[in-house]
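Dear colleague,

Please find below the structure for your review. My notes on its surface patch and salt bridges follow it.

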Amino acid sequence: LLYAKPLFIGTYMECQEYAIEFESTIPAILGNEPLVDNLAEGVVIKPMIEFSKERIIVKKKIIRFSEKEYTATQKNYLVDHSTSNVQLISYELESYVTANRLANVISKQGPFPFHGTSDDLKAHCQELLAKLVEDVYDDFKL
């Protein structure tokens, strides 16, 4: 059975400090030669022992694979103490809608042949949007 072995075992704080940018270990696990510029997406931190019925998992991704990003304007507003709470919440929510996240959603659904009607395209876009919203919502679950 193929499964990911721990890269590091330690306290939660020690795991938070673990360097998340490194070459993927998957080719070696599969018995293949290392690939050029094959960085891992990041790391997953989870407890060795579950303390509740809710499973706690923390994902830390490198910037290249980040599914959350801020524009320069948003970054400036986030440090500006005069920004309204509504504006801060708006920027925080907008940061979750990224090209990487959309590409991940599309990759799970598979390609769409863009030779149908405009109604087909609209329906497909609505389905992708629903899955994108679901993906963002999953980030907020604890």
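In which helix is the place of I29? I29 belongs to helix α2, which covers residues 26–29. Please note that the model is predicted.

I29 has a relative accessible area of 44% and is therefore partly exposed. Together with L2, I26 and L30, I29 makes a nonpolar surface patch of about 400 Å².

Turning to charged side chains, the count of salt bridges comes to two.

E41 counts as partly exposed, at 42% relative accessibility. K61 is also partly exposed, with a relative accessible area of 29%.

The other salt bridge is formed by the side chains of E127 and K131, with an N to O distance of 3.8 Å. Both residues are in helix α6 (residues 118–140); because E127 and K131 are four residues apart there, about one helical turn separates them. The relative accessible area is 37% for E127, which is partly exposed, and 35% for K131, which is partly exposed as well.

With kind regards

Methods: Residues are numbered from 1 along each chain as its sequence is written. This is a predicted model: local features need pLDDT of at least 70, side-chain atom pairs count only at pLDDT 80 or more; totals for chains, interfaces and linings use all residues. Side-chain values use heavy atoms; hydrogens and water are left out. Patches are made of residues with over 30% relative accessible area and no salt bridge: like charges are joined within 9 Å, nonpolar side chains (Val, Leu, Ile, Met, Phe, Trp, Tyr) within 5 Å. Accessible areas come from the Shrake-Rupley method with a 1.4 Å probe; for residues, only the protein chains shown count as cover. A salt bridge is a side-chain nitrogen of Lys or Arg within 4 Å of a carboxyl oxygen of Asp or Glu. Helices (H or I, at least four residues) and strands (E, at least two) are DSSP runs, numbered from the N terminus. Buried means under 20% relative accessible area, exposed over 50%, partly exposed in between (1.4 Å probe, protein chains only).
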